[in-house]
Amino acid sequence: MKFEINDKYAKVTEVQNFMKQLPIRFLTEGDLLFVNRRNVLKTFEVKGNDPVLGKVVVKRFRARNLFQTLAYSTFFSSKAKRAFRNGMALIHHGFSTPEPIAYAEEYHHGLLRYCYYLTAFTDAPSVRTELDVNFNRPMAKCFAQFIAHLHQQGLVHHDLNFDNVLYKEVSQDHYEISVIDINRLTIGIPNQLTLKDCKDDFVRWTDRKDLLTYVAEEYAKERGLDIVQTLHEILHLKAIHDRNWHRRKNFTQKIH
């Protein structure tokens, strides 16, 4: 086992003990939140009555195949390590994400078997219903401003679908936007990213042209970009993404 703890919690005995026992405790304890072929999410109590450590979320990652196992064991940072470092970077830049507590890597015979990312628990809901169904315009504006501020700081999420975007109503028509699943996030030079650099953050979260148009326009205003040109480029990037996605889907169906 290798692990790293947020300096804020590094001297907390309960956290240290939890990390040392994590593989066994993850198998035998915890309340299940989500599971698929690669990832499992559970909640645990690390330190009772503590506002953060009283209930934490642990996400366990597993490599898809032998190639990924070898890559993460040798050349690349694990998903948990990237998520932890990206979470710390987001908070440092003033963005909202569940507070990173620690990450761990479990090795067997020199190969990474599992890795784990620990954060504070949040019950904030996804923006999916409010945006993609109800088209809550004040929330859409806050969402657009959030994306603009990310990109101004050189940050690109790369998996910005609605299930990875959470919200909390701060006051009437004003929302705090938060992101999860941040292991793919990249950190570049502030104020240097082009729309093409940021394309992944525009093309994955909706097929509603009215919503995408509104968010693109508010995004352009926030970044001081030409609205018409920005809208045209974002819609063009979305069209390319959708066309490529349908081609991949059709090809996959044919070979099966």
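Which residue forms a salt bridge with Lys221, and how far apart are the closest N and O atoms? The partner is Glu218, and the closest N and O atoms of the two residues are 3.2 Å apart, a salt bridge being a side-chain nitrogen of Lys or Arg within 4 Å of a carboxyl oxygen of Asp or Glu. Both residues belong to helix α8 (residues 209-223), where, being 3 residues apart, they are separated by about one helical turn. Glu218 is buried, with a relative accessible area of 10%, where buried means under 20% relative accessible area, exposed over 50% and partly exposed in between, with a 1.4 Å probe and protein chains only.

The model is predicted, so that local features need pLDDT of at least 70 and side-chain atom pairs count only at pLDDT 80 or more, whereas totals for chains, interfaces and linings use all residues. Residues are numbered from 1 along each chain as its sequence is written, and side-chain values use heavy atoms, with hydrogens and water left out.

Strands of a sheet pair through backbone hydrogen bonds, either parallel or antiparallel. In this model, an open sheet of 6 strands has the order β1-β5-β6-β4-β3-β2, with antiparallel pairing; helices (H or I, at least four residues) and strands (E, at least two) are DSSP runs, numbered from the N terminus, and two strands pair if DSSP finds at least two bridges between them. Strands β1 (2-5) and β2 (31-35) stand at the edges, each with a single partner strand, so one side of each is left without a neighbour in the sheet. From one strand to the next, the twist averages 15 degrees, with axes taken as lines fitted to C-alpha atoms, for helices over the stretch in contact, and angles running from 0 to 180 degrees between N-to-C directions.

Strand β5 is joined to β1 by 4 bridges, the two strands running antiparallel, and one of the pairings sets Lys2 against its bridge partner Glu105 in β5. Glu105 also stands opposite Cys115 in β6, and β5 and β6 pair in the antiparallel sense over 8 bridges. The hairpin of β5 and β6 has 2 residues between the strands, and in this hairpin His109 takes a positive phi near 55 degrees. Because 7 of the 9 residues of β5 are buried, this strand is largely enclosed by the rest of the structure. Elsewhere in the sheet, strand β3 (residues 40-44) is joined to strand β4 (residues 56-61) by 5 bridges in an antiparallel arrangement, and the bridge partner of Lys42 in β4 is Val58.

Two helices lie across strands of the sheet. Helix α1 (residues 13-20) lies across β1, β3, β4, β5 (100-108) and β6 (111-120), and runs at about 155 degrees to β1. Helix α4 (residues 79-92) lies across β1, β4, β5 and β6, and runs at about 165 degrees to β5.

By the rule given above, the count comes to 12 salt bridges. Among them, Arg85 pairs with Glu4, the closest N and O atoms being 2.6 Å apart; since Arg85 lies in helix α4 and Glu4 in strand β1, the pair ties together parts that are 81 residues apart in sequence. Arg85 is partly exposed, with a relative accessible area of 40%, and Glu4 likewise counts as partly exposed, at 27% relative accessibility. Glu99 forms a salt bridge with Lys8, with the closest N and O atoms 3.1 Å apart, and this pair links distant parts of the chain, Glu99 in the loop between α4 and β5 and Lys8 in the loop between β1 and α1, 91 residues apart. Glu99 counts as buried at 18% relative accessibility, whereas Lys8 counts as exposed at 56%. Lys199, Asp200 and Arg204 are linked in a network of salt bridges.Rolling a probe the size of a water molecule over the atoms shows where empty space is left. On a 1 Å grid over the protein atoms alone, a cavity is a set of points where a 1.4 Å probe fits but cannot get out, a pocket is an open set with protein on both sides within 12 Å along at least five of seven lines, and lining residues have an atom within 4 Å of a point. About 80 Å³ of space lies in the largest cavity, and the largest share of its lining, 4 residues, comes from β6. The largest pocket holds about 990 Å³ of space, and of the 34 residues that line this pocket, the closest to its centre are Leu41, Lys59, Asn164, Ile180 and Asp181. Grid points are joined across faces, edges and corners, and a volume is the space filled by probe spheres set on the points.

Conventions
Contact = heavy atoms within 4.5 Å.
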